[in-house]
Amino acid sequence: MNYRNNNLYVENVSVQKIIKKFGTPSYCYSLNKIKSNIRNYKKNFRSINPLLCFAVKSNSNIQILKEIKKMGVGADVVSKGELLLSLKAGINSKKIVFSGVGKSQDEIKFAINKNILLINAESESEIDLIEKIAKVKNKKINIGIRLNPNIDSKSIRKISTGNRDDKFGLTEKNFLKIIKKYKSSNNLNIKCLSVHIGSQITSYKPYEKMLKVISSVIKKSNYNFDFIDLGGGIGIKYNNDTKIFNYYKYNSIIKKFLTDHKSKIIFEPGRSIIGDAALLLTKVIYIKKTNKINFVILDAAMNDFMRPALYGAVHKIISINKNKKIIKKNHEFVGPICETTDKFLSISKFQTLNEGDCLAICDVGAYGMVLSSNYNLRTKPPEILINNSLSKVIKKRQKLINII
Ligand code: LLP
């Protein structure tokens, strides 16, 4: 994404043209940004040669999954729907891992039938159920066991998952108990230790602590895991206050870890692959001025993009036509939904704006469209994929007729 003569472009297509063709609100992705994020991820971890399984929950557009698959990336899924979609996108079942605390019997059977790489189980009851199903099918199933390492990821509390009191994974004690119980099972093959301590993590330090815990648990278990699945979670730079994640350090602590444990590393990145590869394009419907605030009322709302309302997440808003006339006054960028929390950003200055102007909300590729809803009976926006000079609709705008 770049400005040419003060006009915003996604790759080689002007955003003004995209809006003219597809309207607002619209999600607009850059294919080459997604590809370069994957290439960078692979480059940063080249020395440990991990298996990358894209976290489908962060973005489940099938055209995007197909592109990601072409780059040799697998999938981390958390439901039958995501598993079906990944297979439909052509992702090899031997590159698919299935996470989640509440897999139903139907989902487990489906995953077993599809011969996926790993079912990452999160409770004793789930593991008992997998064993029971495997016995009936007379099969030996590859599973991972998720450890709750009791680590504070120092991220937003609402998206942290590795504390003792979070619902995810097994405590060290229960983890060790399961290994003992099932290590010689005829129907379960414990292949993997998995963890995931949270999302939008901007420092390598929580990961360093996590690896120490894993290392100690492996030693106590006296068991060899073919895979160590480190989950996702690497943060991206949403604004100037966000620290840039130190990939070099993370890679080197994993390398050190691997000198003691000979396992293949799996990563489940979502945000770091797709987060900064999309804009949400929107139009100013009205500007309502009070003494203190200019309310900029947009045609995009919290139903289109939930992160600010749900987590207080801060996403930059930029103009698609830059001008230099800055107004120093509080601006609140809000949507039309009847909730005070339907607000994208508060900012103390912005360039002069008129009703009808178009703006872009940045870094909405991860947990954007997937979290959209029909709240207030609003239709969901389309998704547009830009590849150099080409633009293609990869999901059509929902029609009112189909939701009424
Ligand atoms: N693996 C597991 C088991 C996960 O639970 C998640 C995310 C990921 C991988 C991918 O994490 P990532 O690399 O994208 O950080 N809706 C929230 C984020 C929820 C994350 C849920 N789990 C948000 O918008 O910030």
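**Entry 1: ground rules.** I counted a salt bridge when a side-chain nitrogen of Lys or Arg falls within 4 Å of a carboxyl oxygen of Asp or Glu. This is a predicted model, so I noted that local features need pLDDT of at least 70 and side-chain atom pairs count only at pLDDT 80 or more, while totals for chains, interfaces and linings use all residues. Residues are numbered from 1 along each chain as its sequence is written, and side-chain values use heavy atoms, with hydrogens and water left out.

**Entry 2: salt bridges.** I searched the whole structure and got 14 salt bridges. In one of them K103 pairs with E126, with 2.6 Å between the closest N and O atoms. K103 sits in the loop between β7 (96–98) and α5 (105–113) and E126 in helix α6 (residues 124–137), so this pair ties together parts 23 residues apart in sequence. For the elements I used DSSP runs numbered from the N terminus: helices are H or I of at least four residues, strands E of at least two. K103 and E126 are both buried (under 20% relative accessible area, 1.4 Å probe, protein chains only).

I then looked at E122, which forms a salt bridge with R146 at 3.0 Å between the closest N and O atoms. E122 lies in the loop between β8 (118–121) and α6, and R146 in strand β9 (residues 141–146), so the pair joins parts 24 residues apart in sequence. I found E122 and R146 both buried.

Within helix α6, K135 and E131 are four residues apart, about one turn of the helix. Their closest N and O atoms are 3.9 Å apart. I also noted a salt-bridge network that links E124, D128, K177 and K181.

**Entry 3: the domain boundary.** The chain splits into domain 1 (2–29 + 275–403) and domain 2 (31–271), with bounds from an automatic or database domain assignment. Their C-alpha centres lie 32 Å apart. I counted 25 residues of domain 1 in contact with 22 of domain 2 (heavy atoms within 4.5 Å).

How much area do domain 1 and domain 2 bury between them? I got about 2100 Å², 52% of it on carbon and sulfur atoms; buried area here is the accessible area (1.4 Å probe) that two parts lose on being put together, summed over both. D276, Y311 and Y367 supply 25% of the area that domain 1 buries against domain 2, more than any other three residues.

Across this interface I found one salt bridge. The side chains of D276 and K33 meet in a salt bridge at 3.8 Å, N to O.

Methods: Buried means under 20% relative accessible area, exposed over 50%, partly exposed in between (1.4 Å probe, protein chains only).
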